[in-house]
Amino acid sequence: MNQNKNSSVQRFDKKIVLADFRLANLSRNLSIIGRREVLTGKAKFGIFGDGKEIIQIAMAKQFRDGDWRSGYYRDQTWMMAMGLYDSVEFFHQLYGNTDRTINPGSGGRVFNNHFSVPNINPDGTWRDLTKQKNSSSDISPTAGQMPRLLGLAYASKLFRQNKELHKFTTLSLKGNEVAFGSIGDASTSEGHFWETVNAAGVLQVPMALSVYDDGYGISVPKIYQTTKSSISDVLTGFEDEPGKPGILIFKAKGWDYPGMLKMYEEGIEICRRDHKPVVFHIDDVTQPLGHSTSGSHERYKSEERLKWEEDFDPIKKMREWIISEKVASPEELDRVAGEAEIEAKESRKKAWEMFQNPIKIERDALVKIINSRTCKCIEEIKEAAVDDITGDLNKVLSPIRKDNFVAARKILRNICNTCAKADNLKEELQGWLNRNYQDAGNSYNRFLYNEMPTSVLNVKPVPPEYSENSPMVPGRQILRDNYDKLFSKYPLLVTFGEDTGNIGGVNQTLEGLQKKYGELRITDTGIRETTILGQGIGLALRGIRPIAEIQYLDYLMYAIQILSDDLATTHYRTAGRMIAPLIISTRGHRLEGIWHSGSPMSMLINSVRGVYVCSPRDMTRAAGFYNTLLEGNDPAIVIEPLNGYRLKEMMPGNLGEFRIELGVPEILSEGTDLTLVTYGSTVRIAAEAVKQLTAHGISVELIDVQTLVPFDRKRVIVNSIKKTGRVLFLDEDVPGGTTAYMMQEVLEKNGGWNFLDSPPKTLTAKEHRPAYTTDGDYFSKPNAEDIFDAVYSMMKEAVPERY
Ligand SMILES: Cc1ncc(C[n+]2csc(CCOP(=O)(O)OP(=O)(O)O)c2C)c(N)n1
Ligand SMILES: [Mg+2]
């Protein structure tokens, strides 16, 4: 912006003002045409940034290379103003084009106006994040962008204050980056908003959050959303005061172009320079086209409000301002607006052709196979069906790939089995199907996990080393001393959580390490699981290696939304272009009572696919998983067995170096009668039961699956069943929970059912949560006697004469 800062009268460069006006018009036209595309059936759903154009143009002027965005679905103008998005891509998103080269933000996997900028190269190495404008990838759940925003801002604090990180010059410019966020007024009602704002104030991080206040969350006005109907009013308690660091609050009107330019210039300067969190409350914002293509706002806005929105349309107001300030004439503005309209229309046409052409080429190839067939089926009904399906397919004006596949698969059913010619036709058609189906499948089904050389699945295992003198120590010491090695080995490693810093964790697994490595690396946080995770996600996106501590597995429930919606989908929803290798450390399974001994593993594994789940049986295994995970680049959760910190284990000699492979179960005792499959804390109990069973002449092969996701990549369990012919799946989750998952993996996916001589069984905890005290545990969860009885009865059923 060419403004004279020292003058009370701002001077504006005509070229820049006209370019801004053009962009605002272009964006508005895109919204209008985009809406029409949905209403005429060319696209499925649309949500647009109309009414928010000028705010975003003003904000974008302060966004520098290295900065980060965490925003929401209204931000199309912002992305265009930063040069990260254009009008053709706008339509690629709307149509759901899966070509990653032209629709890079999501490869067609998410709604339109969900953006991202890659943080990794195609080979998985980190990009130079300081030489690009960065955008984390948007999610649809309202306020879901907030926890991550905190982490993006927190990274700047670490990069600035921890001098050892200054050498990572491609990750950060010594922490001078601002994390910009955006949120709608109604979404500030979410807990995520408040947790994030509070944490940002506590942490004092360069977070610049804009609230676009258009007065509504879909149809619900802000009187139902916000106390006093004003987010800036209610935030005043957070405000910065001398000697009491807080947040800064700026206000502007969404139609006031010069006012917003000034506000953002001032606010972002302080935010960047002093690492001060800032909230920009932009009031008087309009939404001329209504919330989304799912309805019209005339249903809930009064005539008066609609009239006001027309009068205060930001583009109209900007035009009035330009004319009154004599920056440009009405004719010039008309010309600029006209050009913008043409660009929007042409972009639509171009993107539509780019979307349709490959589908039509695919269709034509299919139709050619069918129509050039030389055979004629003797069954006339079938012959007619093939012609009908092909004819119908040809008539579809705007085909999608589904049309092609539905037709091809139905045609295939109707080709008869009577002659060699029909066989050839079938083969050709099957070839078409295989090729194209695989291609379409790749478009939608790849990149749930890291498929690049940096995948943790490529990390080679290293066994723990022991000598004659290896001491037996409480398990927590193995973790602590292993962490010590890791913190000296990886300068980018940090950990944070409740009680993690000063006392070194509730189980003392980080004892003394804050003193040694400093508060910036081993850090206490408030009780705020959602933003602890978000903090981790943001850091991980910026190349730091965070281990976010969730004090107990039971409390991961607070963060499950962000874990499931954000972390678990990051790689998938960006079609493999972004990665957030956050490690979550928590502890669970057996302890005491309903909220400290849960093992809701099925909730976890079924809601966080995309994140690896490690369930070590002891602390040596837990340490081994951290060592492995830090050598790869994938998000993962490690659930330490809560009752194992004081139990003694042998201290490995190669701390920080031994690594446990993910997805490889370990056979703990060999046996011939039955395979017992379990994980985590039940391994010890199972081992005790196996001893008791051995004494009664039953030989059990005990297997620790080690990681639930990935699960048994080497078919260790099926190979065991080949030997024993019997399997019992055991854990302390609910009936039908993780044991059912394991059963499906082993019997269905890996084909274990082929080798069974007895019906497979599961043994789990009761349906209710575990009760308090040792007796509560005994009667709530499977114990050694239950396991003994379950195995014994399986054997008795199989060989009644022996038992
Ligand atoms: C957690 C969640 N609840 C509900 C929705 C459905 N929803 C989508 S947008 C929206 C309104 C958001 O309003 P606001 O934050 O003011 O943003 P605006 O759309 O007005 O810009 C709602 C309720 C959602 N996406 N996520
Ligand atoms: Mg709103």
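The second largest cavity has a volume of about 70 Å³. The model is predicted, local features need pLDDT of at least 70, side-chain atom pairs count only at pLDDT 80 or more, and totals for chains, interfaces and linings use all residues. Residues are numbered from 1 along each chain as its sequence is written, chains are lettered from A and ligands numbered from 1 in the order in which they are written, and side-chain values use heavy atoms, without hydrogens and water. A cavity is a set of points, on a 1 Å grid over the protein atoms alone, where a 1.4 Å probe fits but cannot get out; a pocket is an open set with protein on both sides within 12 Å along at least five of seven lines; lining residues have an atom within 4 Å of a point. Grid points are joined across faces, edges and corners, and a volume is the space filled by probe spheres set on the points.

The lining of the second largest cavity includes Arg373, Cys375, Cys377, Glu383 and Cys416. Helix 12 (380-395) supplies the largest share, three residues. Helices are DSSP runs (H or I, at least four residues), numbered from the N terminus. By class, this lining has seven nonpolar, one polar and four charged residues. Ala, Val, Leu, Ile, Met, Phe, Trp, Tyr, Cys and Pro count as nonpolar, Asp, Glu, Lys and Arg as charged, and the others, Gly among them, as polar.

Cys416 is buried, at 4% relative accessible area. Cys419 is partly exposed, at 30%. Buried means under 20%, exposed over 50%, and partly exposed in between (1.4 Å probe, protein chains only). The closest cysteine sulfur to that of Cys419 is in Cys375, 5.3 Å away and so too far for a bond. The whole structure has zero disulfides (cysteine sulfur pairs within 2.5 Å).

Five cavities of 30 Å³ or more were found. Leu448, Tyr449, His571, Gly610 and Pro635 are closest to the centre of the largest cavity, among its 14 lining residues. Its volume is about 80 Å³.

The largest pocket holds about 1,100 Å³ of space. Its lining has 40 residues, and Tyr95, Gly96, Thr98, Phe355 and Tyr444 are closest to the centre. Helix 14 (420-445) gives the most to this lining, eight residues.

Ligand 1 has 17 residues around it, with Tyr72, Tyr73, Arg74, Asp185 and Ser187 nearest; such residues have a heavy atom within 4 Å. A backbone N or O atom of Ala186 lies 2.9 Å from an oxygen atom of ligand 1. A nitrogen atom of the ligand is 3.0 Å from a polar backbone atom of Thr142.

Notes:
Helix = DSSP H or I, 4+ residues; strand = E, 2+ residues; numbered from the N terminus. Polar contact = N/O pair within 3.5 Å; in protein donor to acceptor, adjacent residues only side chain to side chain.
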